[in-house]
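I opened my notebook to record what I looked up in this model, entry by entry. Here is the structure I worked from.

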Amino acid sequence: MRRIVKQEDPGMSGADLSTLLRRSRPTLIDGAVGTEILRRGMPTTLPLWSAHVLLSDGGAESLAALHADYARAGADILVTNTFRTTPRALGKAGRSGDWRTVNVRAVKAARAGAAEAPGRAPIVAGSIAPLEDCYSPHLVPEREVCLAEHRRQAGLLAELGVDLLLIETMNSGVEAAAALEAARGTGLDCLLSLCVKAPGHLLSGEPLDGVVPGLLRAGGERLRGVLLNCAAPETLETVYPRLAALVPDRPTGLYAHLGEPDDRDGWTLPDRHEPERYADWIAARLGDGARIVGGCCGTTPDHIAALRRRIGA
């Protein structure tokens, strides 16, 4: 399914992913949505996690305000709150009938937030996450199931007018390849971000050097960059050089989490989150060659603002 863009599409700001990546400065993705929803007092209990906020118009308005905070902080890319909005994820909470509604609200909220950036408009990435828990690679469905379900989700996000797809937190080669094939079918550019463990493996245990070349082929020319996310800074600091060496022909990057997973609310926030310290850590990764950076679970608009100050306007 190819993206249908109407004349009144508010996201058409003249920029696209390729334009951002050609700039001399690094590209800045926004920070966490799910944990920031939790920090702001809204429910994130599992299995819906961040999708709770999309079950009402009022929640979607609060989400738009969060996206606006990231836009004003200086993010180049806002990521839709679609990490848990697949029919599979919604079905676990008895809300599969709300699939289209919650995805519409998620994309509209990101667009509304982007419009609040003074003098600029971030582009909007549709988030595509693992079908099951991102820390449980043993739950990954068979390839054909992954392909069918990701095609459905990617197709809807493309129809709703996102500018690109961010396939993130992928913990296995099978699902990552299926999601890339699904994304390629929309005609949209995409970024791929992998969930890893030291010294250089996906959470599934697959070594990066065994899976990344195949993922590059699966993504084809529409795969514009490869990242790492949803691990502690210490882990990503170890693994990132291995990824960068495997991807010589397109930008790479990373966005770390702060805090720890939680079985009830989905996340335990850190006692201290020190945006400037995180910016220092990212600055060191820029020295390692990272070209796309941002924040994962536990980061806030303050972290993105600190990164924007470090990167420059």
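In which sense do β8 and β9 pair, and over how many bridges? I found that β8 and β9 pair in the parallel sense over 4 bridges, where two strands pair if DSSP finds at least two bridges between them. The helices (H or I, at least four residues) and strands (E, at least two) in my notes are DSSP runs, numbered from the N terminus.

Before going further I noted that this is a predicted model, in which local features need pLDDT of at least 70 and side-chain atom pairs count only at pLDDT 80 or more, while totals for chains, interfaces and linings use all residues. Residues are numbered from 1 along each chain as its sequence is written, and side-chain values use heavy atoms, with hydrogens and water left out.

**Entry on the sheet.** I traced an open sheet of 8 strands with parallel pairing, in the order β1-β12-β9-β8-β5-β4-β3-β2. β1 (27-28) and β2 (77-79) stand at the edges with a single partner strand each, so one side of each has no neighbour in the sheet.

**Entry on β9.** I then looked at β9 (residues 252-255), which pairs with β12 (residues 292-293) in the parallel sense over 2 bridges. Thr 252 of β9 is the bridge partner of Val 226, while Gly 253 has Ile 292 of β12 as its bridge partner. Thr 252 and Leu 254 point one way from β9, Gly 253 and Tyr 255 point the other way, and all are buried (under 20% relative accessible area, with exposed over 50% and partly exposed in between, using a 1.4 Å probe and protein chains only).

**Entry on α7.** I checked the length of α7 (residues 173-184): at 1.5 Å a residue its 12 residues should span 16 Å, and because its end C-alpha atoms are 16 Å apart, the two agree; the expected span is 1.5 Å times one less than the number of residues. The buried residues of α7 include Gly 173, Glu 175 and Leu 180, and the buried residues pack against elements including α6 (143-159), β4 (164-170) and α8 (208-219), contact meaning heavy atoms within 4.5 Å. I also saw that α7 lies across β4, β5 and β8, running at about 175° to β4; axes are lines fitted to C-alpha atoms, for helices over the stretch in contact, and angles run from 0 to 180 degrees between N-to-C directions.

**Entry on α10.** Lastly, I noted that α10 (residues 275-287) lies across β9 and β12, running at about 165° to β9.
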